[in-house]
Amino acid sequence: MTSAFDYEPQPRRASVAVDVGGVIVGGSAPVVVQSMTNTDTADVDATVAQVAALHRAGSELVRITVDRDESAAAVPKIRERLERLGLDVPLIGDFHYIGHKLLADHPACAEALAKYRINPGNVGFKAKKDKQFVEIIERAIQFDKPVRIGVNWGSLDQELLTRLMDDNQAKGFPLTAQQVMRETIVQSALISAELAEEAGLPRNRIILSAKVSNVQDLIACYSMLSSRSNHALHLGLTEAGMGSKGIVSSAASLGILMQQGIGDTIRISLTPEPGGDRTREVQVAQELLQVMGFRQFIPVVAACPGCGRTTSTVFQELAQKIEGDIRRNMPVWREKYPGVEGLKVAVMGCIVNGPGESKHADIGISLPGTGELPAAPVYIDGKKAMTIRGTNIAGDFETLVGEYIEKRFGQGQAAAE
Ligand code: SF4
């Protein structure tokens, strides 16, 4: 049994790797961050701008809605515009109801997309359902593209649900209605995957997802799905909601699943505030993977919460400023300072815990608290390097952080090694 001293996430579940336009999902690849636009795909300018923003924020795959002829016709133009901007982010087409028709009528769209998302609950009804599903699979085979079979409880296959409810009734109700619903979600994904494989699409071209909006249902469905198949899995809580509720619900459910080794790509489905920044969902996905220790994207700024010992908001402002500077500079720093994403900066409100936390960071400062001298000790690489005094403590510390990054991660350092 694992002792608490060496507690770690469970080994990653073995899944079949899928190549999505050059980005590997599953197998031994790191968990991939993806996102989705909320623009009208037929509006090429708006969609290109949002895909570019999401990709620049760190989204490794971006999904766009393909809901009608105008959207399908816009997809190759969007692809071309992105390439002209030097952005080779794979685009995923989200299809509902008429995906089979749109892919058949718009071969340039089928070619420009890196993956097709199919919702088995929204692909057609009765006899048409399997036929239209297989038609999309045949397009995927023709254009050599992977698919995601994305079950969503809000559009769950009602015929399958009714059948499983009837079976449960015939057996004397051994399962609760909630358990039948979970089983239907999982079976919908697995039956559709089987149908896709029978139609000739290999497993290394299929990703599965089973999204619900309730945290416990989500954990249950993915646990069941992961134990019954080795398909690569896309994790996401659907309708997660706005603000902190969406973030907390997504982090709790996806965090628990990833701790169990489940999940190959994640999307955080946040509802933006009106006019809000769509890239927030990418930031949250990266932060979740980073705080859990799975990937590193951006330097960490550790800041204390503040308390009655803090005299002003200076340390919060400094922490916020440094974090903002880092996020803004990262696209350039990633190229200029390889390894900078592993940097840890500490900004603490007083000397009670400040020096201790600063010693554990690469560079840290403790600002003066109530009754303390107007002096701020700075620790670099675990040792006290200097004390900043005067009226420009925040500005001087920012300069020190810049110099530290240049010295440690800059080309001069690389040449010296
Ligand atoms: S470091 Fe100082 S200011 Fe920050 S929470 Fe701890 S005691 Fe309060």
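# Reading the terms in a predicted model

Analyst: Helix α5 is where I136 is found, a helix being a DSSP run of H or I with at least four residues and a strand a run of E with at least two, both numbered from the N terminus. The model is a predicted one, in which local features need pLDDT of at least 70 and side-chain atom pairs count only at pLDDT 80 or more, while totals for chains, interfaces and linings use all residues. Residues are numbered from 1 along each chain as its sequence is written, and side-chain values use heavy atoms, with hydrogens and water left out.

User: Why is I136 called buried?

Analyst: A residue is buried under 20% relative accessible area, exposed over 50% and partly exposed in between, using a 1.4 Å probe and protein chains only. The relative accessible area of I136 is 2%, so I136 is buried. In the whole protein chain, buried residues make up 51% of the 417 residues, and the chain has 14 helices and 17 strands.

User: What makes the space lined by I136, among other residues, count as a cavity?

Analyst: On a 1 Å grid over the protein atoms alone, a cavity is a set of points where a 1.4 Å probe fits but cannot get out, and a lining residue has an atom within 4 Å of such a point. The volume is the space filled by probe spheres set on the points, which are joined across faces, edges and corners. The structure holds one cavity of 30 Å³ or more, and about 30 Å³ of space lies in the largest cavity. Its lining consists of F95, H96, Y97, I98, G99, H100, I118, N119, N122, V123 and I136. Two of these residues, I136 and N122, are 14 residues apart in sequence, and their C-alpha atoms are 13 Å apart in space.

User: Why do Y97 and I98 count as partly exposed?

Analyst: Y97 has 46% relative accessibility and therefore counts as partly exposed, and I98 counts as partly exposed because its value is 34%. Both residues have a place in the loop between β5 and α3, where β5 covers 91–95 and α3 covers 99–105.

User: What makes Y97, I98 and F125 a nonpolar surface patch?

Analyst: Patches are made of residues with over 30% relative accessible area and no salt bridge, and nonpolar side chains (Val, Leu, Ile, Met, Phe, Trp, Tyr) are joined within 5 Å, whereas like charges are joined within 9 Å. Accessible areas come from the Shrake-Rupley method with a 1.4 Å probe, and for residues only the protein chains shown count as cover. Y97, I98 and F125 together make a nonpolar surface patch of about 320 Å².

User: What is noted about the phi of Y97 and of D144?

Analyst: Y97 has a positive phi of about 65° although Y97 is not a glycine, and D144, also a residue other than glycine, has a positive phi near 55°. Most residues other than glycine have a negative phi.

User: How do you know that R205 and D144 form a salt bridge?

Analyst: A salt bridge is a side-chain nitrogen of Lys or Arg within 4 Å of a carboxyl oxygen of Asp or Glu. The closest N and O atoms of R205 and D144 are 2.9 Å apart, and the pair forms a salt bridge. This pair links distant parts of the chain, with R205 in the loop between α7 (177–198) and β8 (206–211) and D144 in the loop between α5 and β7, 61 residues apart. R205 is buried because its relative accessible area is 16%, whereas D144, at 52% relative accessibility, counts as exposed.

User: Why is it said that D362 and R408 tie together parts of the chain?

Analyst: The side chains of D362 and R408 meet in a salt bridge at 2.9 Å, N to O. D362 lies in the loop between α12 (354–360) and β15 (363–366) and R408 in helix α13 (residues 393–409), so the pair ties together parts that are 46 residues apart in sequence. D362 has a relative accessible area of 16% and is therefore buried, while R408 has 35% and is therefore partly exposed.

User: Which residues are linked in a network of salt bridges?

Analyst: D40, D67, R68 and E70 are linked in such a network, and a search of the whole structure finds 27 salt bridges.

Methods:
1 Å grid on protein atoms, 1.4 Å probe; cavity = no way out; pocket = protein on both sides within 12 Å on 5 of 7 lines; lining within 4 Å.
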